[in-house]
Amino acid sequence: MKYFQKEGLFLSSELTPADDEVYYLSEFFKVFADSTRIKILFVLREGEKCVNDIAAGLEMSQSSISHQLRVLKQNRLVKFRRDGKTIYYSLADDHVVNILCQGLEHIEE
């Protein structure tokens with residue numbers, strides 16, 4: 001196992017992700033820095049919903065919900081399906097639920 005020293009700390013190069021992975025991980029966590037996006041994720045935890053339903057449930061405009069859904073979709077946290085003219089959104093996978101639950105568990109300790 002290789003170790004390197006940085007600012008008085010010894011870090012294992014095998015346990016430390018590559019710089020590009022660290023960058024993408026930090027970008028991923030930035031998505032969770034917006035309270036509206038967090039609320040949308042919790043609404044979608046209940047099941048798939050269209051923009052109108054999400055907007056009504058959160059008492060927000062359809063435009064603001066659509067904007068935040070685009071960010072969530074770009075970061076692969078939500079997926080969508082089209083049914084005629086209506087687009088339904090849902091959580092991309094169980095990892096999203098796990099991240100939300102672990103985050104809540106962490107702040108409630």
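Figure 1. Glu-59 sits in the loop between α3 (51-58) and α4. Glu-59 is not a glycine, yet it has a positive phi of about 55 degrees. This is a predicted model, in which local features need pLDDT of at least 70 and side-chain atom pairs count only at pLDDT 80 or more, while totals for chains, interfaces and linings use all residues. Residues are numbered from 1 along each chain as its sequence is written, and side-chain values use heavy atoms, with hydrogens and water left out.

**Figure 2. Arg-76, in the loop between α4 and β4 (78-83).** Arg-76 has 70% relative accessibility and therefore counts as exposed. Arg-76 also has a positive phi of about 55 degrees, although it is not a glycine. In sequence, Arg-76 and Val-96 are 20 residues apart; in space they are 9.5 Å apart, C-alpha to C-alpha.

**Figure 3. The largest pocket and its lining.** The lining consists of Phe-28, Asn-75, Arg-76, Leu-77, Asp-93, His-95, Val-96 and Ile-99. A pocket is an open set of points on a 1 Å grid over the protein atoms alone, where a 1.4 Å probe fits, with protein on both sides within 12 Å along at least five of seven lines; lining residues have an atom within 4 Å of a point. The space in the largest pocket is about 240 Å³, a volume being the space filled by probe spheres set on the points, which are joined across faces, edges and corners. Helix α5 (residues 94-107) gives the largest share of the lining, 3 residues. By class, the lining has 4 nonpolar, 2 polar and 2 charged residues (nonpolar: Ala, Val, Leu, Ile, Met, Phe, Trp, Tyr, Cys and Pro; charged: Asp, Glu, Lys and Arg; polar: the others, Gly among them).

**Figure 4. The packing of helix α2 (residues 35-45) and helix α4 (residues 62-74).** The two helices pack at an angle of about 80 degrees, with axes 10 Å apart (axes are lines fitted to C-alpha atoms, for helices over the stretch in contact, and angles run from 0 to 180 degrees between N-to-C directions). So α2 is roughly perpendicular to α4, a term for angles of 65 to 115 degrees. Thr-36, Arg-37, Ile-40, Leu-41 and Leu-44 in α2 are in contact with Ile-65, Gln-68, Leu-69, Val-71 and Leu-72 in α4; contact means heavy atoms within 4.5 Å. The residues in this contact of α2 with α4 are 7 nonpolar, 2 polar and 1 charged.

**Figure 5. Ser-90, a buried residue in strand β5 (residues 86-91).** Ser-90 counts as buried because its relative accessibility is 14%. Apart from neighbours within four places in sequence, Ser-90 contacts Leu-44, Glu-48, Leu-77, Val-78 and Lys-79.

**Figure 6. The protein chain, with 5 helices and 5 strands.** Along the sequence the pattern is β-β-α-α-β-α-α-β-β-α. Helices (H or I, at least four residues) and strands (E, at least two) are DSSP runs, numbered from the N terminus. Of the 109 residues in the chain, 25% are buried.

Note on methods: Angles under 35 degrees count as roughly parallel, over 145 as roughly antiparallel, 65 to 115 as roughly perpendicular and the rest as oblique. Buried means under 20% relative accessible area, exposed over 50%, partly exposed in between (1.4 Å probe, protein chains only).
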